[in-house]
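Biologist: I have a model open and want to learn how to read it. Can we go feature by feature?

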Amino acid sequence: MNSMYIGSTISKPNVDSIINAVATILHSQMLEDQNQGKKIEKDSELFFFSEEKYIQEKPDAFDSQRIQLLRETPTIENILEFIKALYDCAQFSPECCIICLVYINRLIAFTEMPLQPTNWRPLLLCSLLVAQKVWDDRYLTNADFAFIYPFFVTEEINKLEQKFLELIQYNVTVRSNLYAKYYFELRALFKDNEKEFPMKPLDKKDAENLELRSKDYKT
């Protein structure tokens, strides 16, 4: 790993900027998938992450207005607000935003899953849940995430996490050079990098710690 890419993590970076960068990337991927007409069949294991599955299983829990909202293509602001709401409750470290993006892209690479209006929220929830377990010393339980986002009960989140891990082949390892690649790609979205994206690269100790923790991950 090139030591030029090692810096230090400041204690309270502008989380909104980091979340905005992640939301922008996910939104772009979703539009690209929609333009290519990518779909998920109901008998596919990828359908497990679609809110359509849960609408079908619990029809009485959803009125027509809520279903319509779930099926709408989100704006960058919608995605940002969802991640920010999770952040405000879970108080995960800003680094988790970058790690969760690594996991979502890994899932896409392994399965060719398209991002859709009805699966981006479950995917974000699962990826942040796993990222927090990997990175943070103190992390929320799956029951806590079910309380924060009551669309799912705890048992469903447990199954979602397990399926997520299966589809990424239990590969939650994030090497420091991969983290650095994502960090600089997100930072490049801002014209005034230092001012608008104040989060710094991981220092050497944190980079090594990330690799060790992700190798030792347990559900």
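Biologist: Which residue forms a salt bridge with glutamate 161?

Modeller: Start with the general idea. Side chains of opposite charge can pair when their charged atoms come close. In this predicted model, glutamate 161 pairs with lysine 133, and their closest N and O atoms are 2.9 Å apart. Glutamate 161 sits in helix 8 (residues 154–167) and lysine 133 in helix 6 (residues 120–135), so the bridge ties together parts 28 residues apart in sequence.

Biologist: What separates glutamate 166 and lysine 163 in helix 8?

Modeller: About one helical turn, because they are three residues apart in helix 8. Lysine 163 is buried at 17%, whereas glutamate 166 is partly exposed at 36%.

Biologist: Which residues do salt bridges with shared partners join into one network?

Modeller: Asp16, Lys84 and Asp88. The structure holds twelve salt bridges.

Biologist: Which side chain meets arginine 71 in a salt bridge?

Modeller: That of glutamate 52, at 2.8 Å from N to O. This pair links distant parts of the chain. Arginine 71 is in helix 3 (residues 64–71), glutamate 52 is in helix 2 (residues 51–57), and they are 19 residues apart. Arginine 71 is partly exposed, at 45% relative accessible area. Glutamate 52 is buried, at 16%.

Biologist: Now the fold. How many helices and strands are there in the protein?

Modeller: Eleven helices and zero strands. Read along the sequence, the pattern is α-α-α-α-α-α-α-α-α-α-α. Next, look at how far apart in sequence the contacting residues are. Take contacts between residues at least 6 apart: 80% of them join residues at least 24 apart.

Biologist: Which residues have the most contacts inside the largest nonpolar core?

Modeller: Look for buried nonpolar residues joined through their side chains. The largest such core has 70 residues here, and those with the most contacts inside it are Phe49, Phe92, Tyr103, Leu124 and Phe164. Take leucine 124 as a case. Leaving out residues up to four places away in sequence, leucine 124 touches Leu26, Ile79, Phe82, Ile83, Cys100 and Ile104. Over the protein, buried residues make up 51% of the 219 residues.

Biologist: Which residues lie nearest the centre of the largest pocket?

Modeller: Leu69, Leu70, Asn78, Trp120 and Arg121, out of 13 lining residues. The volume of this largest pocket is about 210 Å³. To place the pocket, ask which elements supply its lining. Helix 3, helix 4 (76–90) and helix 6 each supply at least two residues.

Biologist: Last point. Where does pLDDT stay under 50?

Modeller: Over residues 1–13. Read pLDDT as the predictor's confidence in each residue. The model has 30 contacts beyond four places in sequence for residues 1–13. The mean pLDDT of the protein is 85, and 81% of its residues reach 70 or more.

How values were computed. Residues are numbered from 1 along each chain as its sequence is written. Side-chain values use heavy atoms; hydrogens and water are left out. pLDDT is the predictor's confidence in each residue, from 0 to 100. Contact means heavy atoms within 4.5 Å. A nonpolar core is a set of buried Ala, Val, Leu, Ile, Met, Phe, Trp, Tyr and Cys residues joined through side-chain atoms within 4.5 Å. Buried means under 20% relative accessible area, exposed over 50%, partly exposed in between (1.4 Å probe, protein chains only). A salt bridge is a side-chain nitrogen of Lys or Arg within 4 Å of a carboxyl oxygen of Asp or Glu. Helices (H or I, at least four residues) and strands (E, at least two) are DSSP runs, numbered from the N terminus. On a 1 Å grid over the protein atoms alone, a cavity is a set of points where a 1.4 Å probe fits but cannot get out, and a pocket is an open set with protein on both sides within 12 Å along at least five of seven lines; lining residues have an atom within 4 Å of a point. Grid points are joined across faces, edges and corners, and a volume is the space filled by probe spheres set on the points.
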